[in-house]
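Me: I am new to this structure and would like to go through it by question and answer. Please show it to me.

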Amino acid sequence: METTFGAFLILMSFGALWQFFPSLPDRAQIRSAMGSIVLHIFLPALSFHVLYHASLNAELWLVPATSVVVCLSTLVAAWLVYRAIFCFLAGKLSSMSFGSLLLGSAWCNATYLGLPTVTLLLGEDYAHIPILYDLLAITPLLLTVGAGLGAFYGACNSKPDVRSLFLSIVQLPPLWAAVLGIVLNALDVPLPSALLSACKIASSAVAPMMIFSVGLSLRFSSPHLLVWILPALILKLAFAPMVAYFTAQTLGLSGNTFAATVLEAAMPTMVLTMVIADKFKLDSELLAQTIAATTLLSFLTLPLLWQWLQSFGLL
């Protein structure tokens with residue numbers, strides 16, 4: 001366990017340290033290029049590969065259902081907590097900051113950090129859990145509910161319409177790859193071994209690129225913002241996995257699938273939330289600090305959660 005997260009931290013540190021070397025290419029451009037490559041090539045290959053070989057059972061809806069319950073429950077809890085803070089401080093917390101903190105509390109980094117964590121701890125047989133948790137639940141929620149929050153609390157005058165929200169979901173290459181993998185799997189359609197090997201090779205590039213990209217996105221320019229982030233840290237890294245634990249247990253998930261689902265809920269704030277913050281002019285700086293703080297703290301909370309799952313015989 002320590003070796004796994006130590007390797008993650010080292011690789012992420014390479015990305016985080018990039019900003020301190022002015023002679024290197026701009027990190028925002030590097031992150032954008034890497035993100036585009038992962039989104040359009042490597043992640044679709046991974047999604048297709050793992051779901052084409054996955055066992056088709058109740059996990060296909062139980063894992064996304066758990067993800068939806070966790071995300072929306074944490075979102076409601078965050079709204080109640082930050083609404084109380086907003087009222088207590090008589091409006092000193094701006095609506096843009098309020099919206100950013102809601103996004104930072106509720107949406108987790110299920111794929112970029114969750115996928116390599118689950119596969120390295122539980123094995124490749126459980127790589128489909130992060131895909132189901134993310135692509136069939138929280139990413140569609142981010143592009144609908146999250147966009148709605150951005151439009152409501154942001155300083156941007158543009159409002160999302162139903163058509164644009166629908167298109168933003170159906171145009172996700174990994175989602176189509178996941179659906180295609182499930183369909184071909186269900187129909188038992190044989191595929192050329194060269195194609196499957198190519199998908200497997202491409203899949204192996206996803207984890208290191210994702211972790212390095214998370215490092216590139218970390219920003220630590222305003223330490224004084226940590227006081228606002230503290231409730232989000234608790235909600236994201238403690239409350240969310242607790243909700244996942246009881247929800248997954250109620251729905252009947254067990255064994256390593258149960259553990260993988262709870263681990264997913266305990267992941268730090270989703271990097272993709274920055275897209276919503278930038279588009280609708282939320283407090284991007286505060287959200288960036290939330291991503292950085294939850295990511296770093298998760299290297300303490302995730303090992304603790306893993307040990308707790310092991311000690312209670314939940315694996």
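Me: How many of the 12 residues of H4 are buried?
Reply: This is a predicted model, in which local features need pLDDT of at least 70, side-chain atom pairs count only at pLDDT 80 or more, and totals for chains, interfaces and linings use all residues. Residues are numbered from 1 along each chain as its sequence is written, and side-chain values use heavy atoms, with hydrogens and water left out. Buried means under 20% relative accessible area, exposed over 50% and partly exposed in between, with a 1.4 Å probe and protein chains only. H4 is largely enclosed by the rest of the structure, because its buried residues number 10 of the 12.

Me: What covers the buried residues of H4?
Reply: Helices here are DSSP runs of H or I with at least four residues, strands are runs of E with at least two, and both are numbered from the N terminus. Among the buried residues of H4 are Phe98, Leu101 and Leu103. The cover includes H3, H6 (128-153), H11 (226-251), H13 (273-279) and H14 (284-311).

Me: Which residues is Leu93 in contact with, leaving aside its neighbours within four places in sequence?
Reply: Leu93 sits in the loop between H3 and H4. Its relative accessibility is 2%, so it counts as buried. Contact means heavy atoms within 4.5 Å. With those neighbours left aside, the partners of Leu93 are Tyr82, Phe86, Phe98, Leu101 and Trp228.

Me: Is Thr66 buried or exposed?
Reply: Thr66 is part of helix H3 (residues 59-88). Beyond its neighbours within four places in sequence, Thr66 is in contact with residues including Ala244, Leu251 and Thr261. Its relative accessibility is 0%, so Thr66 counts as buried.

Me: Which elements cover the buried residues of H12?
Reply: H12 (residues 255-265) is mostly covered, with 9 of its 11 residues buried. Thr261 and Phe258 are among those buried residues. The covering elements include H3, H5 (114-122), H6, H11 and H14.

Me: What is the phi of Asp188?
Reply: Most residues other than glycine have a negative phi. Asp188 lies in the loop between H8 (173-186) and H9 (193-203), and it is exposed, with a relative accessible area of 66%. Asp188 is not a glycine, yet its phi is positive, at about 55°.

Me: Where is Lys281?
Reply: Lys281 also has a positive phi, about 60°, although it is not a glycine. Its place is in the loop between H13 and H14.

Me: What is the radius of gyration of the protein?
Reply: The protein has 14 helices and 0 strands. The radius of gyration is taken over C-alpha atoms, and the globule rule is 2.2 Å times the number of residues to the power 0.38. That rule gives 20 Å for 315 residues, and the protein comes close to this, so it is as compact as a globular protein of that length, with a radius of gyration of 19 Å.

Me: What share of the 315 residues of the protein count as buried?
Reply: The C-alpha atoms fill a box of roughly 60 × 50 × 45 Å, taken along the principal axes. By the cut-off under 20% relative accessible area, the buried share of the residues is 53%.
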